[in-house]
Amino acid sequence: MNSELNEDTGEMNEDDDDDEEEEEPKEKYDVDDDEGFSVLSDLPVEMSERRPTCRRCCRPVKVCLCPYLPALPLDVSTSLYIVQHPAEESRVLRTVPLLAACLAPGKCRVFVGRRFSEDRNPDLAAVCRDSSSLLLYPGAAAESLEDLSFSSATRSVILIDGTWSQAKDMFLRNPLLQLPRQVQLRSASSSQYVIRTQPNNMCVSTLECAAVALAIMENNLSIQEVLLRPLRALCQFQLQHGAQVHHSKEQLLRSGQYNKAMPRNKRKIRRMQKLISNQNI
Ligand SMILES: [Zn+2]
């Protein structure tokens, strides 16, 4: 369960990890439904109540993070493919738009959905089938990215963007995502993304994972610094405006500070026990 501060209402948003509703995957920014548009354009115009949004960083203009983005997008040879749970797209505090804004156009493509297939997502399927592609997802079969050597050939890295349980569900239910070589990060430090509760200290936000992975693959540590700058600024801003630092569940459980009612679901209790004992989950 994650909580985050809603910038519009000042209230905390809670989301449900176990939402099983089926939804058609769609590729973001692909609007070619002319028929749908003509129907929509016939509707009376209604002034939006939403605050204006910055087109580059996708943040409300008042809290635009563009000053923290690199002056020129980073020109990396690695391409990122973000497979994003639909709930992630509507979050107030999203990190993927910041990541995309830091990178050259086309270097960070986002696919929104729960289920992905060859028919519906041919581009993503081609990446998954490419033997040089990597899936950044921890697990028993995952090799440490730090241990691999990279030739000059360009590579694709696929990341799953969602809460811990959403990501696990998407991995298990999509055979396509099980095709690429699976890698994990040994060097990922405790999450800087303190506004959202992370299931454990090693589970960092998608932006942090991508920053560490790109720095390793491009053999350039400064990439990590550049990508983390807007995230640090975002956390700083949220903390100054009343958001509380969320320690990971692991930290809270260990220090006896986890004060949410224990879940009745046995699977969840087992998962929490595994978190405490630091077992592979
Ligand atoms: Zn901006």
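Student: What does the cover of the buried residues of helix α6 include?

Tutor: This is a predicted model, in which local features need pLDDT of at least 70, side-chain atom pairs count only at pLDDT 80 or more, and totals for chains, interfaces and linings use all residues. Residues are numbered from 1 along each chain as its sequence is written. A residue is buried if 20 or more other C-beta atoms lie within 10 Å of its own, exposed if 12 or fewer, and partly exposed in between, with C-beta atoms placed from the backbone; contact means such C-beta atoms lie within 7 Å. The cover of α6 includes β4, α3, β6, β8 and α7.

Student: How many residues of α6 are buried?

Tutor: Helices (H or I, at least four residues) and strands (E, at least two) are DSSP runs, numbered from the N terminus. Helix α6 covers residues 206-217. Of its twelve residues, the number buried is twelve.

Student: Which residue of β8 is the bridge partner of Leu80?

Tutor: Strands pair if DSSP finds at least two bridges between them. Strands β4 and β8 run parallel and are joined by six bridges. In β8, the partner of Leu80 is Val157.

Student: Within what arc do the buried residues of α5 fall?

Tutor: In α5 (residues 164-173), Gln166, Ala167 and Met170 are buried. They line one face of the helix because, seen down its axis, they fall within an arc of 100°. That arc is taken from the directions from the helix axis to the C-beta atoms. The value for α5 is 100°.

Terms used:
Expected span 1.5 Å × (residues − 1). Contact = placed C-beta atoms within 7 Å.
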